[in-house]
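Please study the sequence and the model below before reading on.

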Amino acid sequence: MSRLGELAGDATGYSFAFLDEHTKRELRRRTLKAVALPGYQVAFGSREMPLARGWGTGGIQLTLSLVGPADVVKVIDQGDDASMNAVNIRALVTKTTGVRTTRDAGEATLIQTRHRIPDSPVRPGAIVVLQVPFPEPLRLVEPSDAATRRMHAERDYSKMWLYLYEDIVRYGRISLSYRYPCMVNGTVLMDPTPIPRHDVAKLHQNPTLYLFGAGREQRVYALPPYTDVVPLDFEDHPFQTERAGAPCARCGSDTSYRTEVPGQGWLCSDTAYCDARLGVS
Amino acid sequence: MTLLAVRGLTKRYGGRVACTDVSFEVYPGEVLGIVGESGSGKSTVLQCIYLETMADNGSITLDGEELTTVDAMRRRWLRSFRMGMVHQDAARGLDLGVSAGGNIAERLLAADWRHAGRIRARGTELLSRVEVAADRVDDLASAYSGGMRQRLQLAKAMANEPPLLLLDEPTSSLDVHVQAAILDLVKELHAQTGVAMVVVSHDLGVIRLLAQRTLVMYRGRVVESGITEQVLEDPQDAYTQLLVASSL
């Protein structure tokens, strides 16, 4: 045992799920408030975590505040269960809770993800936690936080609309490819995080509870099941999802979100979905 | 029936009185001039009406609606639909980093226009009304000359066809021949649309050309008011006499 460990004595043990009970309780309260006010950014006291801010500290704090001994956890990063960020976050969760993990979206009760929503159906009653780099959708058009709060309070989203209009004037189309701004319940503008538009389209009237955690920016927000999530668009430039160039070169899916990999063609970004279709696990 | 009624308007900045006990009315389709030297409080009156600053005392009603107590959302609505403003400094009235069409679009978007093509078409139409070439609609406002920026401000102010336009020294920063062109345009817009205007200027020539009735302000107070011709030809107040006598 290290010298520090000796000095600490009985105090070496961590709480279940790393965070202390008061922190978890506070975060759950904030989460409840977020669920009660869909799309509204609720401030929370983001803790120092054993990973760098900007690497999913908001998502991991939400996950740790919610996970119980009976949960089955899935962690993905850009649709991949095996990427470094996902592996490390999963390791932290299992090491501090001992819960079971899975790659199967249909089996997991708690899914933490970055930049993707699984292509396979999520188990009913499961919670999806998204990592959020920038919770403020208006940051694109307004640097001041005081100003964006006022704009939300007054539902003054003309600057965002103007940004989209200017985009069309300049490029002939809306060029936003990720962090596509959406109106939630017709009242609050929300940043859906850098998920592709393919996934943005899934959020509308979705049966799953989505939670969004921004650790660096100290904000949580939520989409309760069956919430209206409507991307901003114009009648003559409707919101469109990405179109892949070909079906998945591996599993042949033509409905999944696919990305082009040099030398391998178009492949499913959700690796667990792709493997499941091929019967590989 | 009055369109705009200002009663006992008072505004202080700290210990300094910007304007005090200012009262007047504007009728639909009328052009009212407010003249006075810099610091006389005339711009403050306009800012209070446009709700850029809140009056300390007094009341302002537009079509019977009290403006001094409205909330922020209503204020934004009033500014989009019931009033338009042309600032002396175009940078205050325009977003120079956005296209000319975009500046007009801001007003149309506030009015829930959600068709980019129609917004652009309406922007082009408004720009042609202020005699800006249609092919300049997508240019950045920062690429516009001083005179064109004033035209663009006019187009933006007129976007939702409000019943009241507020013009704060609309031509003061322009060359003389551009001034004349803008004043012609304002007169023409007035003739075409019948929009009521409040024109603030230190330039008696502008007031004489545009305003049917005129208020003279001095040190925050209205010292004289009446038909423009009468005020300028037969001034009663000592300050107005000085003002008229000293104009070129």
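## Domains of chain B

Domain bounds come from an automatic or database domain assignment. In this predicted model, the assignment for chain B gives domain 1 (4-82 + 162-246) and domain 2 (94-160). The C-alpha centres of domain 1 of chain B and domain 2 of chain B are 25 Å apart. Their contact involves twelve residues from domain 1 of chain B and 13 residues from domain 2 of chain B.

On the side of domain 1 of chain B that touches domain 2 of chain B, H2 and helix H7 (176-193) of chain B each supply at least two residues. H7(B) provides the largest share of that side, with five residues. By class, this side of domain 1 of chain B has ten nonpolar, two polar and no charged residues.

## Overall form of chain A

Chain A contains eight helices and twelve strands. The radius of gyration of chain A is 20 Å, close to the 19 Å that the globule rule gives for 281 residues, so chain A is as compact as a globular protein of that length. The C-alpha trace of chain A spans about 65 × 50 × 35 Å along its principal axes.

Among the 281 residues of chain A, 42% count as buried. When contacts in chain A with a separation of 6 or more are considered, 60% of them are accounted for by residues 24 or more positions apart.

## Domains of chain A

For chain A, the domain assignment gives domain 1 (3-227) and domain 2 (245-281). The centres of domain 1 of chain A and domain 2 of chain A, taken over C-alpha atoms, are separated by 25 Å. In the contact, 14 residues of domain 1 of chain A meet nine residues of domain 2 of chain A. The side of domain 1 of chain A that touches domain 2 of chain A has three nonpolar, four polar and seven charged residues.

## A pair of helices in chain A

Two packed helices are described by the angle between their axes and the distance between the axes. In chain A, the axes of helix H2 (residues 21-36) and helix H3 (residues 57-66) come within 9 Å and cross at roughly 105°. Angles of 65 to 115 degrees count as roughly perpendicular, and H2(A) and H3(A) are therefore roughly perpendicular to each other.

H2(A) contributes A:Lys24, A:Leu27, A:Arg28 and A:Thr31 to the contact, while H3(A) contributes A:Gln61, A:Leu62, A:Leu64 and A:Ser65. By class, the contact of H2(A) with H3(A) has three nonpolar, three polar and two charged residues.

## Where the chains meet

In the contact between the chains, 17 residues of chain B meet 13 residues of chain A. On the side of chain B that touches chain A, the elements that give two or more residues are helix H2 (72-81), helix H4 (100-110) and helix H5 (116-129) of chain B. H4(B) gives the most to this side, with six residues. The residues of this side of chain B divide into eight nonpolar, five polar and four charged.

## Two residues with positive phi

A:Arg155 is a residue other than glycine with a positive phi, near 50°. Its place is in the loop between helix H5 (145-153) and helix H6 (158-171) of chain A. A:Arg155 counts as partly exposed because it has 14 C-beta neighbours inside 10 Å.

In chain B, B:Asp21 has a phi near 55°, a positive value in a residue other than glycine. B:Asp21 is placed in strand S2 (residues 16-26) of chain B. With 14 other C-beta atoms within 10 Å, B:Asp21 is partly exposed.

Key:
Residues numbered from 1 in each chain as written. Chains lettered and ligands numbered in written order. Predicted model: local features only at pLDDT ≥ 70, side-chain atom pairs only at ≥ 80, totals over all residues. Contact = placed C-beta atoms within 7 Å. Nonpolar A, V, L, I, M, F, W, Y, C, P; charged D, E, K, R; others polar. Axes fitted to C-alpha atoms, helices over the stretch in contact; angles between N-to-C directions. Helix = DSSP H or I, 4+ residues; strand = E, 2+ residues; numbered from the N terminus. Parallel < 35°, antiparallel > 145°, perpendicular 65-115°, else oblique. Rg over C-alpha atoms; globule rule 2.2 N^0.38 Å. Buried ≥ 20, exposed ≤ 12 C-beta atoms within 10 Å, placed from the backbone.
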